[in-house]
Amino acid sequence: MTLITKRVVLATVAAGAIALGVTALGRASAQNTNQDPRPFNGSHMGPGGRGGMRGPGGPGGPLAMLRMLGPQLNLTDAQKAQIKSIADSHRDEWKSLADRGRTAHDALNAAIMADAIDEGLIRSKSAEVAAVEADIAVASARARAEMWPLLTPEQQGKVKQMQSGARHWMPGR
């Protein structure tokens with residue numbers, strides 16, 4: 001075989017290998033088994049941010065955790081009614097905060113995912129998210145302050161104990 005013939009054969013084999021690789025790659029990507037069609041945006045934080053919570057502190061507001069702990073705390077019917085009354089009195093505020101949080105997070109994600117990077121816009125939208133998060137933290141603290149005196153000292157101790165135990169298994173803590 002001449003040098004030219006060897007080069008032609010080598011080029012043909014290389015082109016075939018490249019074509020085979022491209023075809024295999026195309027077929028593999030077409031078989032995406034991911035059930036979530038959304039593109040990765042670095043967030044994974046559902047509506048309203050913070051892991052998909054639908055309001056300050058989760059569905060139902062800052063007192064949602066207390067509802068989950070209620071059976072373990074042996075709340076009386078009177079305590080349950082008072083806690084429900086507190087939650088009802090804040091429902092509109094928590095809904096408004098959840099809506100603001102969702103809007104702020106959506107705007108931030110849109111700025112992050114934009115074709116052109118606008119650092120000033122991203123920082124501005126991040127500041128808006130932080131402001132809503134601060135408002136949510138204050139609302140949570142106020143609701144907790146209203147609810148806390150309703151618990152007996154034993155119930156308060158149990159809540160504190162459960163909260164400290166939860167910090168050990170909660171991601172990011």
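Q: Helices here are DSSP runs of H or I with at least four residues, numbered from the N terminus. In this predicted model, which helix holds both Glu-119 and Arg-123?
A: Glu-119 and Arg-123 are four residues apart, about one turn of the helix. Their side chains meet in a salt bridge, at 3.0 Å from N to O. The helix, which spans residues 119-147, is α4.

Q: Which residues do salt bridges with shared partners join into one network?
A: A salt bridge needs a side-chain nitrogen of Lys or Arg within 4 Å of a carboxyl oxygen of Asp or Glu. Bridges of this kind that share partners make one network of Lys-84, Asp-88 and Arg-91.

Q: How many salt bridges does the model have?
A: One of them pairs Lys-95 with Asp-99, and another pairs Glu-119 with Arg-123. Under the 4 Å rule, the count is seven.

Q: Where do Lys-95 and Asp-99 lie?
A: The side chains of Lys-95 and Asp-99 form a salt bridge at 3.0 Å, N to O. The two residues are four apart, about one turn of the helix. Both belong to residues 77-113, helix α3.

Q: Why is Asp-99 classed as partly exposed?
A: The partly exposed class lies between the buried limit of 20% and the exposed limit of 50%. Asp-99 is placed there because its relative accessible area is 30%.

Q: What is the relative accessible area of Arg-102?
A: Arg-102 is partly exposed, and its relative accessible area is 26%.

Q: How are α3 and α4 oriented to each other?
A: Their axes come within 9 Å and cross at roughly 165°. Angles over 145 degrees count as roughly antiparallel. The pair is therefore roughly antiparallel.

Q: How many nonpolar residues does the contact of α3 with α4 have?
A: The crossing of α3 past α4 is left-handed. By class, the contact has seven charged and four polar residues, and the nonpolar residues number 17.

Terms used: Residues numbered from 1 in each chain as written. Predicted model: local features only at pLDDT ≥ 70, side-chain atom pairs only at ≥ 80, totals over all residues. Heavy atoms only, no water. Buried < 20%, exposed > 50% of the residue type's maximum accessible area, 1.4 Å probe, protein only. Axes fitted to C-alpha atoms, helices over the stretch in contact; angles between N-to-C directions. Parallel < 35°, antiparallel > 145°, perpendicular 65-115°, else oblique. Left-handed = near helix turned anticlockwise from the far one by under 90°. Nonpolar A, V, L, I, M, F, W, Y, C, P; charged D, E, K, R; others polar.
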